[in-house]
Amino acid sequence: MARGKVFRDLLDRTDVLIVDVETTGLGSWDEVVEIAVVDTTGALRFAAPVLPVGSISRQASDVHGLTMAKLRRLDAKPWPVRYPELRALLDGRLIIGWNVSFDVRMIRQTCGQYNLRPPSITTGDILKLYKQHGPRRNRYSLGDVMKAEGLAFEGTAHRAESDARAVLEILRNRCR
C-alpha cells in the first residue's frame, strides 16, 4: 500500500469526525467531563465542558487537570443540556480517535446515566490503524507518537480539543 493511502482515505471522507473525551475516571460508572469534535479539515465542530453527576477521581483530574470547581468556572452544563447538539452532529458519522473505543464507551455510558439514546455511529481506531500502517514504535500513547512524529500538541495534552487535533495532525503527517 502506498505510504499514507489508508490515512489519506480517511482525510478525504466528508462523513468522518475526530472525537476525544476527558472523563471522571475509567470505570463503568464514570462519565464524560469534556468532549471535542474536529472534522478532517481541522474545523472545531463541537467542544464543551460537561458537569458530571458524580465526582472526578483524583487520578483523572491529575491527567486532564479538570476539577468540579474548574468545570463550574468553564460554565459546564450537564450532559442532557449538551447532548442533543452532539447527537445531531454524530449520528450517521464515522467517528475516529486514538483508542476510540474508550471515547465511544464513555459517551454511551454517560448517555446511560440519563437514559438517553446513544448516537448511531461507526468507529475507526487510529491507534490500531497506526500500529498496522505506521512505523514500529516502542510506545503508542498519543503523546509518545506525537513526539516520535516530530509534532507538537496545539494546546494542552490530555484536553479533549488538543487530543482530537493531535489525532488529525498524525493523520496528516502520515500522508506526507
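Helix α1 (residues 5-12) packs against helix α8 at an angle of about 125°, and the axes of the two helices lie 8 Å apart. Because angles from 65 to 115 degrees count as roughly perpendicular and those over 145 as roughly antiparallel, this angle makes α1 oblique to α8. The crossing of α1 and α8 is left-handed. On the α1 side the contact is made by F7, R8, L10 and L11, which meet L168, L171, R172, R174 and C175 in α8. Sorted by class, the residues of this contact comprise 6 nonpolar and 3 charged, with no polar residue among them. These descriptions, like those that follow, refer to a predicted model.

Helix α8 itself runs over residues 160-175, and its 16 residues should span 22 Å at 1.5 Å a residue, which agrees with the 23 Å that separates its end C-alpha atoms. The helix is also mostly covered, since 13 of its 16 residues are buried, where buried stands for under 20% relative accessible area.

A second pair is formed by helix α4 (residues 79-90) and helix α5 (residues 100-113), which pack at an angle of about 130° with their axes 11 Å apart. These two helices are therefore oblique to each other, and the crossing of α4 and α5 is left-handed. In this contact W79, Y83 and L90 of α4 meet I107, T110 and C111 of α5. The contact of α4 with α5 has 5 nonpolar residues and 1 polar residue, and no charged residues take part.

Just after α5 the chain reaches N115, which takes a positive phi of about 55°.

Both pairs can be read in the terms used above, for two packed helices are described by the angle between their axes and the distance between the axes. For α1 and α8 these values are about 125° and 8 Å, while for α4 and α5 they are about 130° and 11 Å.

Key:
Residues are numbered from 1 along each chain as its sequence is written. This is a predicted model: local features need pLDDT of at least 70, side-chain atom pairs count only at pLDDT 80 or more; totals for chains, interfaces and linings use all residues. Side-chain values use heavy atoms; hydrogens and water are left out. Axes are lines fitted to C-alpha atoms, for helices over the stretch in contact, and angles run from 0 to 180 degrees between N-to-C directions. Helices (H or I, at least four residues) and strands (E, at least two) are DSSP runs, numbered from the N terminus. Angles under 35 degrees count as roughly parallel, over 145 as roughly antiparallel, 65 to 115 as roughly perpendicular and the rest as oblique. A crossing is left-handed if the near helix is turned anticlockwise from the far one by less than a right angle, and right-handed if clockwise. Contact means heavy atoms within 4.5 Å. Ala, Val, Leu, Ile, Met, Phe, Trp, Tyr, Cys and Pro count as nonpolar, Asp, Glu, Lys and Arg as charged, and the others, Gly among them, as polar. The expected span of a helix is 1.5 Å times one less than its number of residues. Buried means under 20% relative accessible area, exposed over 50%, partly exposed in between (1.4 Å probe, protein chains only).
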